[in-house]
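Visitor: I've never looked at this one before. Could you walk me through it, one question at a time?

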Amino acid sequence: MRLIDFFDRGVSLDGGRAAFIDENGTISYQEAQGYTHQVANALTAEGIKSGDVVAIYCPNDARAFLCMLGILRAGAIYVNLNGLSPIEENLYVLKDRDACLLFIHSQFEQHLEQILNQAPKVASVVTIDHSFGGSSCLSDWIAQHPRTAPDIPRELGDTACLFSTGGTTGKSKATMLTNQVFATMIANANTAMPYQKSPIHLVAAPITHAAGLAALWLFPIGATNVILPRPDPEAIMSAIDRYKVTTLFLPPTVIYMILAHPQLNEFDYSSLKYLIYGAAPMSVDKLKQAVSVFGPVLTQLYGQAEAPMMCTVMSPSEHIRWLETGHEKRLASCGRPCLLTDLAIMSESGTLLDPDEPGEIVIRGSLVMAGYYKNPAATKEISLHDWHHTGDIGVKDQDDYVYILDRKNDMIISGGFNIYPGEIEQVLWGLTEVQDCAVVGVPDDKWGEAVTAVIELVPNMSLDEQSVISHCKAKLGSVKAPKAVLFWDTLPRSPVGKVLRRKVRDTFWENRDRAI
């Protein structure tokens, strides 16, 4: 099946069911399908051919989904521009991915002239919400086109999306995600997280990332997608209560903000079935708190742009089992490989390692991208020994549970010891005063790199350096305990809320003489 076919399956289940609810109103599955037919026919009339690239520059909005589905129906490839990224990064994406048409929301009207001047391949622009810059408004642009599906065949191996990598170590790359990749993601997700009736999905995190991918795997079971403009903690809590939300993806940092919110206990969360977290590890202590507040619904996923979302899963029942049996170490894992994902741990030489031996997490199978767009060298480098190399260091235990120790390039070498920042961050998250943190290696004449913790505190709470160091020594020993602790008002974060450890580290390596 093509990716668009999975949406049509949702239509066939109940065309009258709400597909999208946002601040502009409600759109049923049947209405949405007709709208996407019009978008596809308009794209074809505009000269867009099968395999052409079309970009979307829009905040969380139901119309962004309708444009994306229309692009797929026209046989084209969609690219989502991140509304929280600098315009320079989005200009790079437009040019690098060869986008020839752009759907743009008025929230980004100030960037349109720059886009037209610096991205010459963008031959046409359609404004999503209202007309500006002399461009056609979406509703007018599709008005004269039929609400019947165009007959544009696409194959399972054809690219459906160019999904951007994080770009934390340079310019983002475009992963070629095929219809087959999405079919595998959808199968993995619905096997791991089954439903007996159509769910209510709250889209709060940016749709350009995991929250948008989650909607894709929920379309074929007729999910209603309630879309918030931004991941505001109070709005999220209120929406769960109001709409009886069953499914929600959030990065850990947003979950921490909700758990610290003064109105946490004023809302009803009993409708939740899966509160999915990913993008970064979550504190074991905060996991316990989340379970006590939201119930047995915590679900962890591990994936990346090159193999979206569904590499591993740890189910709600597993979370509860490890809590009740006192096997809390398991809560620090990201679960076990999904049904259609082959995962192993590999040495630098390409040997597959035994349980409990640390190495690089590698995966293979139909969840893995077809390659990086226009970058065969990078594709070859990341596909050594016929496995996709994730860049994550981890171990698997005897029962196949996967533990991510850290990013391969973030390891600290201090006094000759290899130290993984993630292990220390887990301990720091256990302190109630810690909202979030990053552990990095700082240049040091004695140690080579000195383990340094940078902490963002929970509002109105305080903590001192020596207490943090003593806590870490008690849990980890003196080698892994931070040599220094800094308190910053705000840690740098990615557009999806993930703390950017690399940016924290660069602060010290770019200014070596800076006093700690």
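Visitor: Which residue in β15 stands opposite Gln300?

Guide: Happy to, and keep in mind that this is a predicted model. Strand β14 (residues 298-304) pairs with strand β15 (residues 307-314) in the antiparallel sense, over four bridges. Gln300 has its opposite number in β15, and that residue is Met314.

Visitor: Which strands stand at the edges of the sheet, each with a single partner strand?

Guide: The sheet is an open one of nine strands with mixed pairing, in the order β2-β1-β11-β10-β12-β13-β14-β15-β16. A strand with a single partner has one side left without a neighbour in the sheet, so the edges belong to β2 (25-28) and β16 (336-337).

Visitor: Let's move to β5. Are Leu101, Leu102, Phe103 and Ile104 buried or exposed?

Guide: In general, side chains in a regular strand alternate between the two faces of the sheet. In strand β5 (residues 101-104), Leu101 and Phe103 are on one side, while Leu102 and Ile104 are on the other. Both faces are covered, and the four residues are all buried.

Visitor: And what is the bridge partner of Leu102 in β6?

Guide: β5 pairs in the parallel sense with strand β3 (residues 53-57), over four bridges, and there Leu101 is the bridge partner of Val54. β5 also pairs in the parallel sense with strand β6 (residues 124-127), again over four bridges. In β6, the partner of Leu102 is Val125.

Visitor: What separates the C-alpha atoms of Ile87 and Gln114?

Guide: Gln114 is one of the residues that Ile87 touches. Along the chain the two are 27 residues apart, yet their C-alpha atoms are separated by 8.9 Å.

Visitor: Last one: how much of the protein is made up of buried residues?

Guide: The accessible surface comes to about 21,000 Å², with 49% of that belonging to carbon and sulfur atoms. Of the 516 residues, the buried ones make up 59%.

Note on methods:
Residues numbered from 1 in each chain as written. Predicted model: local features only at pLDDT ≥ 70, side-chain atom pairs only at ≥ 80, totals over all residues. Heavy atoms only, no water. Buried < 20%, exposed > 50% of the residue type's maximum accessible area, 1.4 Å probe, protein only. Areas by Shrake-Rupley, 256 points an atom, 1.4 Å probe, with all protein chains shown as cover. Contact = heavy atoms within 4.5 Å. Pairing = 2+ DSSP bridges. Helix = DSSP H or I, 4+ residues; strand = E, 2+ residues; numbered from the N terminus. Lists of a residue's contacts leave out its neighbours within four places in sequence.
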